[in-house]
Amino acid sequence: MGADDSTLSAQEAADLLGVSRPTLYAYVSRGLVVSEPGPGPSRARRYPRAAVQDLRERRARGRDPAMAAHGALHWGTPVLDSALTLIEAGRPYYRGRDAIALAATASFEEVAALLWTGAAGDAFVVFPPAPPDGAGPPDGDALARRLLAEGERAVAGVAALGEAAPRRAGAVVQGLFASAGARGRGSLGQRLARGWGRPSAAADITAALVLCADHDLNVSSFTARCVASADAPLESALLAALCALRGRRHGGMAERVAGLLAEADRDGAREAVARALREQGALPGFGHELYPAGDPRGSELLRRAGAASDDPPVAAVVDLGRRELGLEPTLDLGLVALCRSHRLPGAAPFCLFALGRSAGWAAHAMEAAADARLIRPRSRYTGPWPADLVG
């Protein structure tokens with residue numbers, strides 16, 4: 001037992017659950033249990049005893065109805081009605097159409113229009129003429145800062161935007177692409193590939209944008225819905241969603257995956273995976289709660305990355321994740337692998353995620369606004385009980 005009985009070592013947590021350490025790491029990757037850096041120079045991950053015991057109890061019994069409602073705000077049953085994206089039988093569908101198939105056949109504009117209006121053929125209606133050329137591909141984190149700045153500019157200029165919601169969304173999304181370096185004419189995917197100096201990557205960039213376009217009530221899309229439900233402008237909802245995306249558990253996951261693969265380049269895949277499990281308690285880019293058999297978005301992007309160039313470190317990390325942890329790659333790993341294969345800017349994975357998901361954010365914001373009801377969940381109080389209510 002460690003000096004602090006409130007936390008457990010990896011072996012102690014695995015023993016309490018009656019599982020192997022790889023299975024424990026798989027639980028962490030799937031968000032079923034949390035871990036935190038331990039004391040001392042090794043920073044070996046520690047596992048809160050209460051969280052491990054809670055997981056043990058949940059595995060031993062089903063949740064009662066009251067607890068099911070509480071769990072719905074984490075990984076549970078739906079909490080809001082939406083006609084946008086269905087995740088069923090291990091695949092995502094945009095308004096009833098297979099998102100993986102759309103990645104091979106549709107432009108990003110068509111998919112955005114499908115989400116906004118229900119008709120992919122309306123792309124030419126909701127997207128206004130292309131804005132002037134972007135300023136060129138930004139470097140590193142400057143790209144993320146420019147995306148935020150573009151969102152702030154859009155909010156400041158909302159009074160001058162008089163178009164209907166879908167066309168206004170098209171204008172804001174095109175502004176985001178311009179801020180990321182999209183150049184010239186053609187589809188947004190083609191313009192972004194040209195601006196990044198990789199015109200041959202246009203088809204793969206478009207596929208990545210399509211696969212990122214929406215994904216049920218993820219944290220950034222839920223944020224967009226909450227802001228829009230308050231009758232805030234569309235641009236404000238997109239800016240709030242972009243701020244949520246920057247969190248390390250959401251869009252920031254791509255940076256963690258990139259770090260894992262960089263360490264695999266330098267030290268070998270096995271050492272990189274072992275270090276991630278030791279220091280983070282999970283393997284970034286692996287295991288998605290909604291896809292027990294594997295994230296098809298990640299698989300599709302990995303397939304495309306393999307077609308573009310061989311990447312032994314990626315292949316080795318994927319093999320270790322599958323063989324030793326029983327985990328499949330997610331969209332995050334697929335995005336990073338695709339960007340490595342085409343030698344895109346360092347911040348490109350986050351950028352593709354943000355640009356692609358902007359279509360979904362706008363769709364969720366418009367759906368919430370049309371519902372005309374404030375999203376206002378209740379909390380389950382866990383603090384001290386007032387003295388006058390006891391007894």
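Where is Arg95 found? Arg95 lies in the loop between β5 and β6 (97-98). Strands here are DSSP runs of E with at least two residues, and helices are runs of H or I with at least four, numbered from the N terminus.

This is a predicted model: local features need pLDDT of at least 70, side-chain atom pairs count only at pLDDT 80 or more, and totals for chains, interfaces and linings use all residues. Residues are numbered from 1 along each chain as its sequence is written, and side-chain values use heavy atoms, with hydrogens and water left out.

## The whole chain

The protein chain holds 19 helices and 6 strands. Of its 391 residues, 49% are buried. Buried means under 20% relative accessible area, exposed means over 50%, and partly exposed lies in between (1.4 Å probe, protein chains only). The accessible surface comes to about 18000 Å². Carbon and sulfur atoms own 54% of that surface. These areas come from the Shrake-Rupley method with a 1.4 Å probe; for residues, only the protein chains shown count as cover.

Now take contacts, meaning heavy atoms within 4.5 Å. Among those between residues at least 6 apart in sequence, 71% join residues at least 24 apart.

## A sheet and its loops

Three strands form an open sheet in the order β4-β5-β6, with antiparallel pairing. β4 and β6 stand at the edges with a single partner strand each, so one side of each has no neighbour in the sheet. Two strands pair if DSSP finds at least two bridges between them. β5 and β6 are joined by 2 bridges. In one of them, Tyr94 has Arg97 of β6 as its bridge partner. Strands of a sheet pair through backbone hydrogen bonds, either parallel or antiparallel.

Two loops each hold a residue with positive phi. Ala89 sits between β4 (85-88) and β5 (91-94). Its phi is near 55°, a positive value in a residue other than glycine. Arg95 also has a positive phi, near 45°, and is not glycine either.

How open are these residues, and some others? The table lists their relative accessible areas.

| Residue | Relative accessible area | Class |
|---|---|---|
| Ala89 | 73% | exposed |
| Arg95 | 31% | partly exposed |
| Cys212 | 0% | buried |
| Ser220 | 0% | buried |
| Cys226 | 25% | partly exposed |

## A covered helix

Helix α6 spans residues 108-117 and is mostly covered, with 8 of its 10 residues buried. The buried ones are Phe108, Glu109, Val111, Ala112, Ala113, Leu114, Leu115 and Trp116. Just after α6 comes Gly118, with a positive phi of about 90°.

Ser220 belongs to helix α12 (residues 219-229). Is Ser220 buried or exposed? Ser220 is buried, at 0% relative accessible area.

Its side chain makes polar contacts. A polar contact is a pair of N or O atoms within 3.5 Å; within protein, one must be able to donate a hydrogen and the other to accept it, and residues adjacent in sequence count only if both atoms are side-chain atoms. Another, of 2.9 Å, reaches the side chain of Trp361. Leaving aside neighbours within four places in sequence, Ser220 is in contact with residues including Ala241, Ala244, Leu245 and Arg357.

How many disulfides does a search of the whole structure find? The search finds 0. A disulfide is a pair of cysteine sulfur atoms within 2.5 Å. The sulfur of Cys212 has its closest cysteine sulfur in Cys339, 9.2 Å away, which is too far for a bond.
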